[in-house]
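Take a look at the sequence and the model, then read on.

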Amino acid sequence: MPDLHLTPLTGALIVFIVVVCGHRFRLAWKEQTPGWQRRAWAFGIPAAIGLLVLAFLPLKY
């Protein structure tokens with residue numbers, strides 16, 4: 001799997017998605033309206049996966 005890498009554009013898109021999902025996760029947790037746990041999981045999992053992808057896949061120019 002040496003050809004598995006991120007381009008700058010995909011890295012930037014993943015950062016954007018992680019920021020948006022993380023913000024929505026925080027809002028769901030903070031407000032705790034009915035069904036907040038499902039929304040927190042729905043936004044928390046993509047944010048966590050995105051952070052793991054950014055941490056472990058190299059960026060190639």
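This is a predicted model: local features need pLDDT of at least 70, side-chain atom pairs count only at pLDDT 80 or more; totals for chains, interfaces and linings use all residues.

## Overall build

You'll find 2 helices and 0 strands in the protein chain. The radius of gyration is 14 Å, well over the 10 Å that the globule rule gives for 61 residues, so the chain is more spread out than a compact globule. Along the principal axes, the C-alpha atoms fill a box of roughly 45 × 20 × 10 Å.

As for what's tucked away, buried residues make up 15% of the 61 residues. Now take the contacts between residues at least 6 apart in sequence: 70% of these join residues at least 24 apart.

## Helix α2

Helix α2 runs over residues 36-56, which is 21 residues. From its first C-alpha to its last it reaches 30 Å, close to the 30 Å expected at 1.5 Å a residue.

Which residues of α2 are buried? They are Ala40, Ala47 and Gly50. What covers these buried residues includes α1, residues 8-31.

## A nonpolar patch

Over on the surface, Phe16, Ile17 and Val20 form a nonpolar patch. Together they have about 290 Å² of accessible area.

Phe16 sits in helix α1. Is Phe16 buried or exposed? Its relative accessibility is 56%, so Phe16 counts as exposed, the cut-off being over 50%.

How values were computed: Residues are numbered from 1 along each chain as its sequence is written. Side-chain values use heavy atoms; hydrogens and water are left out. Helices (H or I, at least four residues) and strands (E, at least two) are DSSP runs, numbered from the N terminus. The radius of gyration is taken over C-alpha atoms; the globule rule is 2.2 Å times the number of residues to the power 0.38. Buried means under 20% relative accessible area, exposed over 50%, partly exposed in between (1.4 Å probe, protein chains only). Contact means heavy atoms within 4.5 Å. The expected span of a helix is 1.5 Å times one less than its number of residues. Patches are made of residues with over 30% relative accessible area and no salt bridge: like charges are joined within 9 Å, nonpolar side chains (Val, Leu, Ile, Met, Phe, Trp, Tyr) within 5 Å. Accessible areas come from the Shrake-Rupley method with a 1.4 Å probe; for residues, only the protein chains shown count as cover. A salt bridge is a side-chain nitrogen of Lys or Arg within 4 Å of a carboxyl oxygen of Asp or Glu.
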